[in-house]
Amino acid sequence: MVESAGLVARAAGAEEEAQSASVATADWTIAPTPTPIPPDTTDAELVALWLHGKSPNTIRAYGDDVAAFRRFTGKPLRATYLSDLQRYADSLVGAPATRGRRLKTLKSLLSFATRMGYLPFNAGAAIHGPRAETGREDPQRAPSVRVARGGRRSAAGPCLDPPSL
């Protein structure tokens, strides 16, 4: 067998092997796996496919997030590496929720691109968003607060007011 650029071809001289395995003796190739989108799809077309059916506000926000990332890297998505995503994540400023949304937008797009066969691997899978800032000293032990009907609060424990019947 001869391998070339991901295609496998059986040489005509391998007839004996093919006959013993009850396989056709003609030359043949295995075509690349078909993808749901054409191989010449552009980044803009991919983004449009990904955004299809989303609300106008989501399209605007996600489109802006993707455009900002592409301006930052100056590269097409097919040339994007994990290091590009890490540098972009490190450069983001603003509230943790905003930074997290921007990264989740890119992760979603890259996951979609990988599922569609546009990208060979999903570099976004290795990126994690910022941790939420809770303002608490120990985020593992968050006090529970119960509010009774009268509006009185109790930090951990039963409601102070018994229910009225």
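Arg60 and Asp64 both belong to helix α3 and are separated by four residues, about one turn of the helix; helices here are DSSP runs of H or I with at least four residues, numbered from the N terminus. The two residues form a salt bridge with the closest N and O atoms 3.9 Å apart, a salt bridge being a side-chain nitrogen of Lys or Arg within 4 Å of a carboxyl oxygen of Asp or Glu. Asp64 is partly exposed, at 44% relative accessibility (buried means under 20% relative accessible area, exposed over 50%, partly exposed in between; 1.4 Å probe, protein chains only). The model is predicted, and local features require pLDDT of at least 70, side-chain atom pairs pLDDT 80 or more, while totals for chains, interfaces and linings use all residues. Residues are numbered from 1 along each chain as its sequence is written, and side-chain values use heavy atoms, without hydrogens and water.

The whole structure contains six salt bridges. Asp84, buried at 1% relative accessibility, pairs with Lys75 at 2.9 Å between the closest N and O atoms and with Arg87 at 2.7 Å, N to O. Arg87 and Asp84 lie three residues apart in helix α4. Lys75 is partly exposed at 27%, as is Arg87 at 45%. Asp65, Arg101 and Arg102 form a network of salt bridges.

Terms used:
Helix = DSSP H or I, 4+ residues; strand = E, 2+ residues; numbered from the N terminus.
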